[in-house]
Each structure stands twice: as C-alpha cells, then as structure tokens.
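Open the model in your viewer and keep the selection tool at hand. This tour goes stop by stop.

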Amino acid sequence: MSGINESGWRPEMSRVGEASAPATFTGNRALMLEEPLIFEIGTIGTTGVDLADSPKVAARLGGLERNRDIGLPGLSEGEAVRHYTRLSRQNYAIDLGFFPLGSCTMKHNPRLNEKVARMKGFADVHPLAPAQSVQGALAVIHELAHWLVTLTGMEAVAMSPKAGAHGELCGILAIRAALEAKGDARSVVLCPESAHGTNPATAAFAGYETENIPATPDGRVDLEALQARLGPDVAAVMITNPNTCGLFERDLKTISDMVHAAGGFVYCDGANFNAIVGRVRPGDLGVDAMHINLHKTFSTPHGGGGPGSGPVVLSKALAPFAPLPFVEKRGEEFVLIEEESAGDHHGSSFGRMTAFHGQMGMFTRALSYILSHGADGLRQVAEDAVLNANYLLRSLEDVLDAPFAASGPCMHEALFSDKGLADGFSTLDIAKGLIDEGYHPMTVYFPLVVHGAMLIEPTETESKAVMDQFIGAMRSVAGRAKAGDVLLKSAPHFAPRRRLDETLAARKPVLVWQEPEQAVAAE
Amino acid sequence: MSRYFTEEHEWIDVDGDVATVGITDYAQEQLGDIVFAEVPASGTQLKKGGDAAVVESVKAASDVYAPVSGEVLEGNDALEGDPALVNSDPEGEGWFFKLTLSDPSELEGLMNAAAYKAFVDGL
C-alpha cells in the first residue's frame, strides 16, 4: 500500500531553509522516523499470535452474523511495538520538557508516587474484593479524605468522581438535592464570563439555565451586577478561585454571604486550588462545594498520562446529600458504606456517581504526594507556584501585553493578550513558533474575556533555569510576531508536520480511514 | 425594511413583524474561521437575551443571543452544510434565523448602522 494517506489532508513535507538537504529514500530524517498509519502498514493475514482455525459451527444469529472481513490491519508483535513506539517519539510529554499549558497544571509527576502506586497491595486490588481483604486500600481512601477536608476546611468529601467536570456535576447534583429536599425549585445557575466552559455545561446537564455574571475591568466578579441578579430563582453561583485570569477573587467571602442570603449555594471550581493549597481554606470563604483535581494540585498524571480524579468537598449543608459510597472507620476497622441507611448521616444521599470507589490508582499517588510534602511542604507548593508565575509575568510584560499586570501580582498563571502584534499576526503564530523552539504551546484563546489570550502556568516544579530558557524563547518569538517576521506565519518549520489546516480539519473531519482508491472516488 | 444592531454584534433586519437575525462582519472577523453553526428549530420560543444559536470557530464556541423575543419561523439550514457562509457573507447568506416579533417595542434602544460603527470603532 501507498505510504501516503490520500483519504485526507496531509501537509506538504518541504521545510523552509532545508532546500539543500538531500531527500532520503525512506522519508526518514536520521532518527526522526516517518510513520504511516497502522492501516497503511498492516496486511490481512499477518498476526502476532498463531491460533488454530476455529471449528465450523452453525450460526445461531438468525442471519445477522458477519459475512465479510472487518478489515483490521494485521501486524506481527514486533511491528506493532515499533509502530506505537515510533508514534510515541513524535509526542510531547511532561517527562520530555516544560509544558506551559495554563489552567492545566502540568506539573512533574514524582516517581515516588509511581513506586507506591505499583505496590502489589494497591496495584492488584479488585473493586469487588471483600472489605476485610483490602483494609490497607480503604485506609488510603480514608486518610486521603481526611487530608482533603482538612486542607479545605470542609465537612465531608465525596471521593468517587472521576475528573474535574465529573466533580462539578457531583457538586451541582448535591446542591439540587439539598434544594429539592426543602421543596425549593430554583432554576438558574450563574457563572462568571471567565468560567471554565465545563461550569455552564455542568449546570445545563443538571437541568439548570445558565446566565453570565460580568467581570470588572480588573478581571474579577462584578459584585454589583451579581447582587442585582440574585433572587429566589438562583440555585447556585459557580466561581473559580483563583479565577482563569490568574487572579484571586478577593471578595469571595462577601460573594458567599450575598448568595447565601439569597438562599442559593456557592460552588467553587477548584481547578486552581494548587495556587492556594495550605494558605487558604475554601470552607472559611463560605464555599458549599468544590472539586479538587488530584491530577493537578496533587501531581497525579494527566494529559494522556493517566486518568483524572475529582473528589468533591462539601459544606455542612450539603454533606447529607453526598453520593455513595463512603469509607468510614469503625473502631479499628475500615468499612465501605454502599447503601443508604436511616439514622446514618448518609440517609439523604442523591445516589451514585460511579460503580465503585473512584480512581484508586490516583488516590495512592495523591496521598504519596501529600505525605511526602507534609503541611509545610504543601504551603510551599502554593507559594512556589505563585512565585514562578509572577517571575514569568514580570519577565515578559515588556514584550507582551499583560492586561491585568497593573492590578497586582498574579496567582499561579500569567495571562497575556495579542495586543501590539504586527498586522496579520496572532496568538496562534506565537503558539506555532514555540513548537519550533521545542515547547508545547501555552493555552491559547482562553479565557474568552481577553482578546487572543495566552495563558501560561509554570507550576511549582519548574526550576529558574527552565523558566529562563522559556522566557528567552518567548521573548524571541514575541519579538518576531511584533516585527512581522513572515517565516513565523508558516511555523512550525521543524516539527514532524508543518502547520495543519485546523479549519478544514474541523469543517471536513476525516474520522474513518478509507482505502486510498475509495477516498479518491469519493472526492 | 430597517436594520438594527446589538452590542453583542448581531444584526436584525425587520420587515413587518418578521425579523431576520445574523452576526455582524465584525463578529465573524473576531471569531475567525467558522466551523460549525447550530440554529434554532422553527417554533422555538425565544426570549430576548436568551440563548438562540451556537457558533463555533477554530478558536472558540460562542452563543448567539436572541436580540428580541419571538417565535422562530425558520433557521438557516444552509449553515449546517456550509458554516463558512458566516465568514463569506455574514450580513447576507450567512443569516442565522428568522422570527416573528412578539414585542416590537424591544427594537427601541438597538443601534442603527452608524451607531454600531461608532460602537465598534470604540472597541
């Protein structure tokens, strides 16, 4: 089969400034290997395992049995291993380099966490194992839950939600259950303009209408507008703190008091808890529910490296409605509460979020991180994350427009806009230029309240040397975008693929591989 | 027929009690290449300021708000197959939906072309 995928677009392979380099027979460039799709290299009839033909049996599917090959590519084990290893070498990962994605908290995943998670007693447990045989695993869940409620100053924690947005849903469902228990049918959830897109999506999924709360010019919630909108129809306000502009919502306590006075609840999006862990307890600010991204604040892998985990801490008012199951310690024994029981403080549970306990592998990693840092170490995590972000902000604000730089220090992430770039140059060009410099780009075009937003989050795990090199690269690329360097418009020049046509990919996505002949016929 | 504009960058053509709604040239320019548009089904009741349609570009997904209240007569089905119409002809073929006005007095306070131009120049 052809080595070219003609079923869809593929950028041309020529590279600027390399006209004098010889073309290679394979298309490879030394150890930069060209890799076709698995469908293009596989052949019917090749297999990794030899099995005897199955005996003929009479089909009993009433004529619905498959009558032709499904066309899976066949490869030997060695070919399959090489294919995926080659693809993995074209990927970018936190273990390869600095990953400045704002809002994502791409911090180093300590190897101690991995060692603990691989211990047989944790790695090999089964969710249906009898509680007596997994006391150690239940103890880990119980201990982690204790740390999470202590660090947040809250009453209870639901451990089962599997990621941030799942945690949001858990919190909003608890709020709905609490309101319904009072016979209070409220219909609206308010979200700031700078909210993560998951906030309004969560509220809508839970059956609420969503409305925006405007921001003040300094990037924080507009208290007057919020007060004007609060009323008997508002079930909850969802607020991210620190917010997505990288700013601490100084008035959160006032906001909570206003919302509570109006009979509503306060949901805090805890995605940015890493900026305040050990320094601020959301419970003291009047928060009723907040999810904690273990895969952000507590260093468990994500972004393709592992699943998320989003436990939700709850206030006294919401704790009775938390989803099952719960781990409790009775005497010396850890028990898993899986059903509602009258007289128990889980009597009003709204149900379940998951079949089992949650992300056990993430619990062991997060607890390892917490115990290896201790209370003082966690406080320093927040301090260093904020220090690093401010170092980046102040090192770049003379070359990139920083819309909120004048309103004081930022928290864990630094926000820039595309103001001042040469005509025709955009945030996207800077992002693509960073790929040539060997970095994963920062978060672009989010939050929406800033034009051409660039959001950079260094996390506490990057050294000054790493940040200085990144600052140098950013200053160079930003300088080219301001000077109108046309070569930047066609970046990246050195990546395995040149600039992709994102518009065509979105308008006419090719989601299913087709034989090249068919693809041509379909055009 | 008169054309009105909103601060949310929508235009409204009013012909009798029927209004045609779309997003302005400035809005499509800001959004960049439009890759998806979702328009309301006919019969949908829209409330002024409520969500009416969705427009998605390579940069972001945005809501299009109902600039006035009314019942949707038809959505522009052509946008489903060819969302690029919003880029190429935003204030013509790239319209989003038509509705029957339920309260024509809501048109008061919207901008005319000159006022909208001054508003955009000030951004």
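What should the 18 residues of helix α6 of chain A span, and how far apart are the end C-alpha atoms? Select residues 164-181 of chain A to find out. This is a predicted model. At 1.5 Å a residue, helix α6(A) should span 26 Å. The end C-alpha atoms are 26 Å apart, which agrees.

Stay on α6(A). Is this helix mostly covered or exposed? It is mostly covered, with 14 of its 18 residues buried. Next, click G183(A), which follows the helix. The phi of G183(A) is positive, near 70 degrees.

**Into the core**

Now pick I175(A). Which residues does it touch, leaving aside neighbours within four places in sequence? Its contacts are A235(A), A236(A), F265(A), Y267(A), D288(A), A289(A) and L318(A).

Widen the view to the largest nonpolar core, which has 117 residues. I175(A) is among those with the most contacts inside this core, together with V157(A), A174(A), A236(A) and L314(A). Select residues 360-396 of chain A next: this is helix α10, and it gives the most to the core, with 16 residues. Domain 1 (112-368) and domain 2 (379-507) of chain A each supply at least three residues to this core.

**Two domains**

Colour chain A by its domain assignment: 112-368 is domain 1, and 379-507 is domain 2. Their centres, taken over C-alpha atoms, are separated by 31 Å. Where they touch, domain 1 of chain A brings 18 residues and domain 2 of chain A brings 16. The domain 1 side has 8 nonpolar, 7 polar and 3 charged residues.

**A three-stranded sheet**

Which strand order does the open sheet of chain A show? Its 3 strands run β10-β12-β11, with antiparallel pairing. Select 414-416 for β10 and 443-444 for β11 of chain A. Each stands at an edge with a single partner strand, so one side of each has no neighbour in the sheet. Look for L415(A): its bridge partner in β12(A) is L455(A).

**Where the chains meet**

Last stop: show both chains. Here 7 residues of chain B are in contact with 6 residues of chain A. The chain B side has 5 nonpolar and 2 charged residues, and no polar ones.

Notes
Residues are numbered from 1 along each chain as its sequence is written. Chains are lettered from A and ligands numbered from 1 in the order in which they are written. This is a predicted model: local features need pLDDT of at least 70, side-chain atom pairs count only at pLDDT 80 or more; totals for chains, interfaces and linings use all residues. A nonpolar core is a set of buried Ala, Val, Leu, Ile, Met, Phe, Trp, Tyr and Cys residues joined through C-beta atoms within 7 Å. A residue is buried if 20 or more other C-beta atoms lie within 10 Å of its own, exposed if 12 or fewer, and partly exposed in between; C-beta atoms are placed from the backbone. Helices (H or I, at least four residues) and strands (E, at least two) are DSSP runs, numbered from the N terminus. Domain bounds come from an automatic or database domain assignment. Two residues are in contact if their C-beta atoms, placed from the backbone, lie within 7 Å. Ala, Val, Leu, Ile, Met, Phe, Trp, Tyr, Cys and Pro count as nonpolar, Asp, Glu, Lys and Arg as charged, and the others, Gly among them, as polar. Two strands pair if DSSP finds at least two bridges between them. The expected span of a helix is 1.5 Å times one less than its number of residues.
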